[in-house]
Amino acid sequence: MAKELEVLEAALRIARLEARVEALEAALLRRSDELRALQRLLPGRELLNLSRLKGGLPPLASGSYDLDVWRETTQLTTANVEDTLRDLWQSLTPATAIPR
C-alpha cells in the first residue's frame with residue numbers, strides 16, 4: 001500500500017512538472033513572437049533603448065551626442081566639458097542616480 005502511494009505521488013509530481021514545462025514553453029513561444037515583431041517594426045536604436053529601459057538604464061543620449069548627426073572634421077571646436085561628462089555618465093546609470 002505504501003509503495004502504491006509513493007508511485008501515485010511520483011506520477012502526480014511528474015504530471016505537475018510536465019504541465020509547468022508546457023506552460024513555460026508556451027510563454028516562451030509567445031515572448032519570442034513578440035520580440036520578433038519588435039525586431040521587424042523598430043529601428044536598431046529603438047531596440048537598443050528598449051533593452052536599456054528594461055535593464056533599468058536610461059535611453060541613449062540623443063541630439064548633439066547622436067553619432068548620426070556628428071560631422072567629421074579636423075578643426076578644433078569649443079565644448080562644454082562638464083555638461084558633456086555629466087550626460088555621458090548619466091547614460092550609464094539610472095536616471096534617478098544623478099541630480100541635474
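This is a predicted model: local features need pLDDT of at least 70, side-chain atom pairs count only at pLDDT 80 or more; totals for chains, interfaces and linings use all residues.
Residues are numbered from 1 along each chain as its sequence is written, and side-chain values use heavy atoms, with hydrogens and water left out.

**Salt bridges**

- The structure holds 2 salt bridges, a salt bridge being a side-chain nitrogen of Lys or Arg within 4 Å of a carboxyl oxygen of Asp or Glu.
- In one of them, Arg31 pairs with Glu34, and the closest N and O atoms are 3.1 Å apart; the two residues lie 3 residues apart in helix 1 (residues 2–41), and therefore about one helical turn separates them.
- Helices here are DSSP runs (H or I, at least four residues), numbered from the N terminus.
- Glu34 is partly exposed at a relative accessible area of 42%, and Arg31 is likewise partly exposed at 37%, where buried means under 20% relative accessible area, exposed over 50% and partly exposed in between (1.4 Å probe, protein chains only).
- A salt bridge also joins the side chains of Asp33 and Arg36, at 3.2 Å from N to O, and these residues are again 3 residues apart in helix 1, about one helical turn.
- Both partners count as partly exposed, with relative accessibility of 45% for Arg36 and 49% for Asp33.

**Nonpolar surface patch**

- Val81, Leu85, Leu88, Trp89 and Leu92 make a nonpolar surface patch of about 520 Å²; patch residues have over 30% relative accessible area and no salt bridge, and nonpolar side chains (Val, Leu, Ile, Met, Phe, Trp, Tyr) are joined within 5 Å.
- The accessible areas come from the Shrake-Rupley method with a 1.4 Å probe, and for residues only the protein chains shown count as cover.
- Leu92 sits in the segment after helix 3 (81–90) and counts as exposed at 55% relative accessibility.

**Largest pocket**

- The largest pocket has a volume of about 150 Å³, a pocket being an open set of points on a 1 Å grid over the protein atoms alone, where a 1.4 Å probe fits, with protein on both sides within 12 Å along at least five of seven lines.
- The volume is the space filled by probe spheres set on the points, which are joined across faces, edges and corners.
- Its lining, meaning residues with an atom within 4 Å of a point, consists of Arg31, Leu35, Leu38, Gln39, Leu47, Leu50, Ser51 and Lys54.
- Helix 1 and helix 2 (44–54) each contribute at least two residues to this lining.
- By class the lining has 4 nonpolar, 2 polar and 2 charged residues, with Ala, Val, Leu, Ile, Met, Phe, Trp, Tyr, Cys and Pro counted as nonpolar, Asp, Glu, Lys and Arg as charged, and the others, Gly among them, as polar.

Conventions:
Patches are made of residues with over 30% relative accessible area and no salt bridge: like charges are joined within 9 Å, nonpolar side chains (Val, Leu, Ile, Met, Phe, Trp, Tyr) within 5 Å.
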